[in-house]
Amino acid sequence: MNMYVGNLNYKVRESDLEQAFNAYGTVTSVKVIKDRETNKSKGFAFVEMSSDEEASEAMNALNGSEFMGRQLVIKEALPKKM
């Protein structure tokens, strides 16, 4: 399952998120979204986990929790609209 992780501290790195989500299962990918021109974080990321059960557990545990000074918003990522 692919998850949207929002309201991130701008200093959060992909390795920080991977470490937090690894407590709930196998993380297959983490992508912090950055501005093309400045290469600075836009404050959200996408985290993909190997199973829906692990992703649901991580979502339930981490949504609304404080991470590096900000309260996380985690939802299932919707497919990109064409």
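Let me start with Val47. Setting aside residues up to four places away in sequence, Val47 touches Met1, Asn2, Met3, Val5, Leu17, Phe21, Val27, Ser29 and Val30. Keep in mind that this is a predicted model.

Where does Val47 lie? Val47 is in strand 3. Why does Val47 count as buried? Because its relative accessible area is 0%, and the cut-off for buried is under 20%. Thr28 is 19 residues from Val47 in sequence. In space, C-alpha to C-alpha, Val47 and Thr28 are 7.8 Å apart.

Now the core. The largest nonpolar core has 21 residues. Val47 is among those with the most contacts inside it, along with Met3, Val5, Leu17, Phe21, Met49 and Ile74. Which elements give two or more residues to this core? Strand 1 (2–6), helix 1, strand 2 (27–34), strand 3 (41–49) and helix 2 (52–62). The largest share comes from helix 2, with 4 residues. As background, nonpolar side chains tend to be buried together in soluble globular proteins.

Next, Met3. Again leaving out residues up to four places away in sequence, its contacts include Phe21, Val47, Met49 and Ile74. Met3 also touches Ala45, Phe46, Ala55 and Met59. Lys75, Glu76 and Ala77 are on the list too.

Last, Asp16. Asp16 sits in helix 1, residues 14–22. Buried or exposed? Asp16 counts as buried, because its relative accessibility is 15% and the limit is under 20%. Beyond four places in sequence, Asp16 touches Lys11, Phe67 and Met68.

Note on methods
Residues are numbered from 1 along each chain as its sequence is written. This is a predicted model: local features need pLDDT of at least 70, side-chain atom pairs count only at pLDDT 80 or more; totals for chains, interfaces and linings use all residues. Side-chain values use heavy atoms; hydrogens and water are left out. Buried means under 20% relative accessible area, exposed over 50%, partly exposed in between (1.4 Å probe, protein chains only). Contact means heavy atoms within 4.5 Å. A nonpolar core is a set of buried Ala, Val, Leu, Ile, Met, Phe, Trp, Tyr and Cys residues joined through side-chain atoms within 4.5 Å.
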